[in-house]
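I opened this notebook to record what I looked up in one model. The entries follow the order in which I went through it.

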Amino acid sequence: MNRVAAIDCGTNSIRLLIADADDAGSHAPLRDIVREMRVVRLGQGVDATGELAPEALERTFAAAGDYAGLIRHHGAGRIRFVATSASRDARNRDVFVDGIRSLLGVEPEVISGDEEASLSFAGASSVLPPSGKDAVLVVDLGGGSTEFVLGDDDGVIAAKSVDIGCVRLTERHLHSDPPTPAELAAAEADVDAAIDLANRTVPLNQATAVVGVAGTITTITAHALGLGEYDPGAIHGASLDLDTICDAATSLIEMTREERARLPYMHPGRVDVIGAGALVWRRILQRLAELSDGAISEATSSEHDILDGIALSIR
């Protein structure tokens with residue numbers, strides 16, 4: 001067993017997984033030692049300014065410093081730090097890269113959207129039962145981007161990363177509380193355009209099943225299940241029909257921020273952006289139902305995602 005540390009730094013959150021990883025086979029499970037998430041909003045304002053804000057960098061460096069201490073304490077031998085959408089978009093990402101290198105002693109990798117998609121699929125598929133040759137679509141809905149990855153038991157068939165996410169769409173369109181019909185229509189137009197773009201690379205109509213990963217989707221699942229608290233055990237592997245998921249998404253979209261903040265499973269860092277994330281997930285599922293002529297009738301949530309894919313890649 002190798003003890004590894006994986007860090008996923010996205011637009012909204014930075015997450016750490018310290019795990020013991022077996023060398024034997026790509027589908028061998030990880031044994032979690034530490035799994036943590038901090039909402040640092042690294043992508044604050046990036047869509048508008050093209051730069052990482054000083055206060056966002058400060059929050060991210062503080063979390064990375066804490067993670068460095070945990071990695072030392074638990075004796076992880078190998079570390080991989082992956083940064084995604086916000087870092088890809090920022091003109092001043094060198095400041096971010098230098099800061100992380102000094103804190104953790106490793107070079108943060110600002111990966112492409114395609115590699116992000118592949119890692120997401122690897123993480124999600126590592127805990128899914130074999131599907132035979134059926135094509136599974138994994139959707140990783142983040143703060144700044146969303147990845148569409150079609151694959152089967154042999155690996156990735158096609159993948160595309162598009163620039164829609166809960167932080168990006170909130171900052172771009174959803175300024176009212178709750179959002180106005182005009183704001184929602186503008187956001188949905190962006191989502192439709194992104195799905196059309198993804199569909200040029202990823203044959204969405206070939207998917208026979210869909211798996212959603214990342215915090216936006218798992219939180220919507222918690223809402224659909226009516227949980228009394230955020231319970232990963234209840235959320236992971238939950239398969240719900242599309243109408244149930246879309247109704248839950250619509251409920252979150254129509255709530256005020258105050259109403260969302262009172263939900264027992266809502267992380268405080270998601271309160272102001274979950275409406276946009278719910279809009280993205282609802283529209284993706286509606287379009288998948290249309291493109292598959294109704295063959296896609298449910299979606300499954302996974303608590304395992306790019307973070308697991310990163311850990312598997314370094315074992």
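I note at the outset that the model is predicted.

**Entry 1. Helix packing**

I looked up how helix H8 (residues 215-225) meets helix H10 (residues 242-254), and found that their axes come within 9 Å and cross at roughly 100 degrees. The pair is therefore roughly perpendicular, H8 to H10. I then listed the residues in contact. From H8 these are Ile 220, His 223 and Ala 224, and from H10 they are Thr 244, Ile 245, Ala 248, Ala 249, Ser 251 and Leu 252. By type, the contact of H8 with H10 has 6 nonpolar residues, 3 polar and no charged.

**Entry 2. Nonpolar cores**

Which residues touch the most other members of the largest nonpolar core? I found that this core has 49 residues, and that Leu 137, Phe 148, Val 210, Trp 281 and Leu 285 hold that place. I next traced which elements supply the core. At least two residues each come from strands S6 (136-141), S7 (146-152) and S8 (155-162), and from helices H7 (181-201), H8, H10 and H12 (274-291). H12 gives the most, with 9 residues.

Leaving out residues up to four places away in sequence, Leu 137 touches Phe 148, Val 149, Leu 150, Val 202, Leu 204, Ala 207, Ala 209, Val 210, Val 211 and Leu 288. I also noted a second, separate core of 27 residues, with Ala 5, Ile 14, Ile 71 and Ile 100 among them.

**Entry 3. Cysteines**

How many disulfides are there? I count 0 disulfides, taking a cut-off of 2.5 Å between cysteine sulfur atoms. For Cys 9, the nearest cysteine sulfur is that of Cys 166, 14 Å away, and Cys 9 is in no disulfide. I recorded Cys 9 as buried, with a relative accessible area of 1%. Cys 246 is likewise in no disulfide, and the nearest cysteine sulfur to Cys 246, again that of Cys 166, is 17 Å away. Cys 246 counts as buried at 11% relative accessibility.

I looked up Ile 310, which lies in helix H13 (residues 306-314). Is Ile 310 buried or exposed? At 0% relative accessibility, Ile 310 counts as buried. Ile 310 and Arg 80 are 230 residues apart in sequence, yet their C-alpha atoms are 7.0 Å apart in space. Beyond four places in sequence, Ile 310 touches Ala 6, Ile 7, Asp 8, Arg 80, Val 82 and Leu 119.

I then turned to Arg 287 in helix H12. Arg 287 is buried too, with a relative accessible area of 10%. Its contacts, apart from neighbours within four places in sequence, are Asp 192, Ile 195 and Asp 196.

**Entry 4. Backbone**

Most residues other than glycine have a negative phi, and most peptide bonds are trans.

Asp 177 and Pro 178 are joined by a cis peptide bond, with omega about 0 degrees. I located Pro 178 in the loop between helix H6 (166-172) and H7.

Arg 41, not a glycine, has a positive phi of about 50 degrees. I placed Arg 41 in the loop between strand S3 (30-39) and helix H1 (46-49), and noted Arg 41 as buried, with a relative accessible area of 15%.

Asp 293 also has a positive phi, near 55 degrees. Asp 293 sits in the loop between H12 and strand S11 (298-302). At 74% relative accessibility, Asp 293 counts as exposed.

Terms used:
Residues numbered from 1 in each chain as written. Predicted model: local features only at pLDDT ≥ 70, side-chain atom pairs only at ≥ 80, totals over all residues. Heavy atoms only, no water. Axes fitted to C-alpha atoms, helices over the stretch in contact; angles between N-to-C directions. Helix = DSSP H or I, 4+ residues; strand = E, 2+ residues; numbered from the N terminus. Parallel < 35°, antiparallel > 145°, perpendicular 65-115°, else oblique. Contact = heavy atoms within 4.5 Å. Nonpolar A, V, L, I, M, F, W, Y, C, P; charged D, E, K, R; others polar. Core = buried A, V, L, I, M, F, W, Y, C linked by side-chain atoms within 4.5 Å. Buried < 20%, exposed > 50% of the residue type's maximum accessible area, 1.4 Å probe, protein only.
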